[in-house]
Amino acid sequence: MPSAVTTSRRAAPLPLDERRAAIVRAVLPLMIDHGVGTTTRELARAAGVSEGTLFNAFTDKDELVAAVVEAALDQEPFERAIDAIDPAGTFVDRLVAATEIIQRRVVDIWRLVSQLDPHRQPLPPKGPFPDSPALIALLATEAEPLRTTPADAARLLRALALSLSHPHLVETPRPAGEIVDLFLNGALR
């Protein structure tokens, strides 16, 4: 007669690249919120793995931190978030949503990178940050009333959002709606 006891099986191990990516995705929010001083035990718990698995995927905590910083700086999630903005919204509503995404990215990256030891600081990019194709596409939907190209308008919106959101530049970030109003209408009454 078969036993009523079932044995649990471990999930099939992930390939190393997938395991590393899953760990980085899981610990990125924790490191943004609690800093790079978070213990490896806390990081492993957040990733749903043992510390041993953490160190099988990364040689040490420094390598994990470097991978997390690289992931935080990756432009692709930002592009996907901008692309996911509901196209049925008004132009202003879509710009406010995009500005909120820019603000979150600015603050999250600053919170993570500002906690790094100087030897862990990422190198600044050579030249300006790359343009955002998704933000350019959003602005291109209403290109006619713009005084400049959608690409230039996207750069201006990102620069304004950065300067009015970065914790080293302003004590309190401006609301996204106010940034968009300033972007579209200027500072005149």
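Helix axes are lines fitted to C-alpha atoms over the stretch in contact, and angles between them run from 0 to 180 degrees between N-to-C directions. Helices (H or I, at least four residues) and strands (E, at least two) are DSSP runs, numbered from the N terminus. The structure is a predicted model, in which local features need pLDDT of at least 70 and side-chain atom pairs count only at pLDDT 80 or more, while totals for chains, interfaces and linings use all residues. Residues are numbered from 1 along each chain as its sequence is written, and side-chain values use heavy atoms, with hydrogens and water left out.

The protein contains 9 helices and 0 strands, giving the pattern α-α-α-α-α-α-α-α-α along the sequence. Of its 189 residues, 34% are buried, where buried means under 20% relative accessible area, exposed over 50% and partly exposed in between (1.4 Å probe, protein chains only). The accessible surface amounts to about 12100 Å², and carbon and sulfur atoms contribute 56% of that area; accessible areas come from the Shrake-Rupley method with a 1.4 Å probe, and for residues only the protein chains shown count as cover. Among contacts (heavy atoms within 4.5 Å) with a separation of 6 or more, 64% join residues 24 or more positions apart.

Two packed helices are described by the angle between their axes and the distance between the axes. For helix H1 (residues 16–34) and helix H2 (residues 40–47), the axes come within 8 Å and cross at roughly 120 degrees. H1 and H2 are therefore oblique to each other, given that angles under 35 degrees count as roughly parallel, over 145 as roughly antiparallel, 65 to 115 as roughly perpendicular and the rest as oblique. Their crossing is right-handed; a crossing is left-handed if the near helix is turned anticlockwise from the far one by less than a right angle, and right-handed if clockwise. Ile-23, Ala-26, Val-27, Leu-30 and Met-31 of H1 meet Glu-42, Leu-43, Ala-46 and Ala-47 of H2. This contact comprises 8 nonpolar, no polar and 1 charged residues, with Ala, Val, Leu, Ile, Met, Phe, Trp, Tyr, Cys and Pro counted as nonpolar, Asp, Glu, Lys and Arg as charged, and the others, Gly among them, as polar.

Helix H8 (residues 150–163) packs with helix H6 (residues 91–113) at an angle of about 55 degrees, the axes being 9 Å apart. The pair is therefore oblique, and its crossing is right-handed. Leu-95, Thr-99, Ile-102 and Val-106 of H6 form the contact with Leu-157, Arg-158, Ala-161 and Leu-162 of H8, a set of 6 nonpolar, 1 polar and 1 charged residues.

The axes of H8 and helix H7 (residues 133–140) come within 8 Å and cross at roughly 115 degrees, so H7 and H8 are roughly perpendicular. This crossing is also right-handed. On the H7 side, Leu-135, Ile-136, Leu-139 and Ala-140 meet Pro-150, Ala-151, Ala-153, Ala-154, Leu-157 and Arg-158 of H8, and the contact divides into 9 nonpolar, no polar and 1 charged residues.

Two loop residues were also examined. Gln-75 lies between helix H4 (61–73) and helix H5 (76–83) and counts as buried at 17% relative accessibility. Leaving aside residues up to four places away in sequence, Gln-75 touches Arg-105, Asp-131, Ser-132 and Arg-158. Ser-165, in the loop between H8 and helix H9 (176–185), is buried with a relative accessible area of 1%. With the neighbours up to four places away again excluded, Ser-165 touches Gln-103, Val-107, Val-170, Pro-173 and Ile-179. The C-alpha atoms of Ser-165 and Ile-179 are 9.4 Å apart in space, and the two residues are 14 residues apart in sequence.
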